[in-house]
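Please take the points in order and look up each residue as it is named.

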Amino acid sequence: MADPRGGLRLPGVPRAARRSSTAAPGLYYSGKGGAVGGAAGRYLLRDGRTALRAELGRFAMSSAPPVFIGSAEVERLLPRASLLLPGLEAALRNFSAGAAGGVEQPLRAVVPVRPHGGFLGVMPAYSAADDALTTKLVTFYERRGDSAAPSHRATVLLFDPRCGSLRAVLDGSVITAKRTAAVSAIATKLLMPRSAEVLCILGAGVQARSHYEIFTELFPFTEVRLWNRSEQRAVRLASSVGGAVRVCGTAREAVLGADVIVTVTMATTPILFGDWVKPGAHINAVGASRPDWRELDDALMKSSVLVVDSREAALTESGDVILSGAEIFAELGEVLKGTKPALPEKTTVFKSLGMAVEDTVAAKFVYDAWSAGK
């Protein structure tokens, strides 16, 4: 902090103490420009050394350049999405607790990029329980044809909540894929039928892979089915994962008799219909994150118990919720808290839009793991 008479203003240190003429080794204070260290200083600090160290600590905290953690490093530090489960469950409970939960999270701001069929989303959040502050920048583009380019790309900025300085820039694509799949797994644990055996995944992109990995890690499915509009992409994904996956020729074939269904597509009109779905099945609806996009038809939405990550977001961003007029039963955090029942005997839909606080938890996990290994 600047002193109007020059140099650093040291809280709690009388100016006379800063001008002590007693010679001794240690830290020095410069009356010009705030330079510190060695013989370059003109005034010896005696009683102010502790305050100077604190001041320098705050200065270093705010001036250190941010670290960049790329996708390969994020993958190394976060090898399994299941590592996020405890932190995400706590964050969901805290979010649904309102102000008492200490989560500050506005609705996602979305900027259309109309000439190119894309969108830029901005997702800030602060979690008091984690003392973590982040903003995610995410782009999502409607895929044209069988393009190999990812539909979603993301970057997460992690700030020091004490002073606002930027601590880290993290590749957000791995974080997004793993935190989304982990939240779907939390919903599935609570809402799926108790004797679930058949998993169906509609879609074959990054989210399909991340959901396959955590679902087969956590749940004892005896059969996994996969469908995608591009059968080639479905075959490619099925051949690259560790277990047996049955690639189906139609979405209906994949869905019939399935106990748990995951929709992770860029569909803008329904691909999953109520008359295909087994009574008592659980659906994780992850795609269709725009108010005019759909993955599920009206019959399925209206006949199911609907759980969402955020009521406010679902009523603003989810075409499946808005256009069907389906009634929201609970937020996932409310089910975790026990203020709303899980109802696994019913047909259930978890509409996942993704929340910024989920990125906050995941980014802090990765950054803390990186810091521990420095």
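**Notes on the predicted model**

1. Lys-178 has a relative accessible area of 5%, so this residue counts as buried, the limit being under 20%. Please keep in mind while reading that the model is predicted. The side chain of Lys-178 meets that of Glu-75 in a salt bridge, with 2.5 Å from N to O. Because Glu-75 belongs to helix H3 (residues 71–77) and Lys-178 to helix H5 (residues 172–191), the pair ties together parts that are 103 residues apart in sequence. Glu-75, for its part, has a relative accessibility of 36% and is therefore classed as partly exposed.

2. How many salt bridges does the structure hold? The count is 20, and in general terms, side chains of opposite charge can pair when their charged atoms come close. Another of these pairs is formed by Arg-162 and Asp-160, whose closest N and O atoms are 2.9 Å apart. Here the two partners are worth looking up one after the other, since Arg-162 is exposed at 58% relative accessibility, whereas Asp-160 is buried at 2%.

3. Arg-246 and Glu-253 also meet through their side chains in a salt bridge, with 3.0 Å from N to O. Arg-246 is partly exposed, its relative accessible area being 35%, and Glu-253 is likewise counted as partly exposed, at 32%.

4. The C-alpha atom of Ala-362 is separated by 8.1 Å from that of Gly-87, although the two residues are 275 residues apart along the chain. Gly-87 is placed in helix H4 (residues 85–96) and is partly exposed, with a relative accessible area of 27%.

5. Turning to the aromatic side chains, the structure has seven aromatic pairs. Why is the pair of Phe-119 and Phe-140 classed as stacked? The ring centres are 5.2 Å apart and the planes stand at 20 degrees, so the pair falls in the stacked class, which takes planes under 30 degrees apart. Phe-119 lies in strand S6 (residues 118–127) and Phe-140 in strand S7 (residues 132–141), so this pair ties together parts that are 21 residues apart in sequence. Both of these phenylalanines are buried, and together with Trp-293 they form one aromatic cluster.

6. The aromatic pair of Phe-273 and Trp-276 is edge-to-face, with 5.0 Å centre to centre and 65 degrees between the planes. Phe-273 is partly exposed at 29% relative accessibility, while Trp-276 is buried with a relative accessible area of 17%. A charged side chain is also found over a ring in this model, as Lys-340 lies over the face of Phe-329, at 5.2 Å from the ring centre.

7. Where in the model is there enclosed space? The structure holds two cavities of 30 Å³ or more, and the largest cavity has a volume of about 60 Å³. Residues that line the largest cavity include Ile-201, Ala-208, Tyr-212, Leu-226, Leu-237 and Val-245. The elements giving two or more residues to this lining are H6, strand S11 (223–227) and helix H7 (231–240), and S11 gives the most, with three residues.

8. Helix H6 deserves a separate look, as Ala-208 and Tyr-212 are among its buried residues and are also among the residues that line the largest cavity. The helix runs over residues 206–218, which makes 13 residues, and reaches 19 Å from its first C-alpha to its last, close to the 18 Å expected at 1.5 Å a residue. Gln-207, Ser-210, His-211, Ile-214 and Phe-215 are also among the buried residues of H6.

Terms used:
Residues are numbered from 1 along each chain as its sequence is written. This is a predicted model: local features need pLDDT of at least 70, side-chain atom pairs count only at pLDDT 80 or more; totals for chains, interfaces and linings use all residues. Side-chain values use heavy atoms; hydrogens and water are left out. Helices (H or I, at least four residues) and strands (E, at least two) are DSSP runs, numbered from the N terminus. The expected span of a helix is 1.5 Å times one less than its number of residues. Buried means under 20% relative accessible area, exposed over 50%, partly exposed in between (1.4 Å probe, protein chains only). A salt bridge is a side-chain nitrogen of Lys or Arg within 4 Å of a carboxyl oxygen of Asp or Glu. Rings of Phe, Tyr and Trp (its six-membered ring) pair if their centres lie within 6.5 Å; planes under 30 degrees apart count as stacked, over 60 as edge-to-face and the rest as tilted. A charge sits over a ring if NZ of Lys or CZ of Arg is within 6 Å of the ring centre and within 35 degrees of the ring normal. On a 1 Å grid over the protein atoms alone, a cavity is a set of points where a 1.4 Å probe fits but cannot get out, and a pocket is an open set with protein on both sides within 12 Å along at least five of seven lines; lining residues have an atom within 4 Å of a point. Grid points are joined across faces, edges and corners, and a volume is the space filled by probe spheres set on the points.
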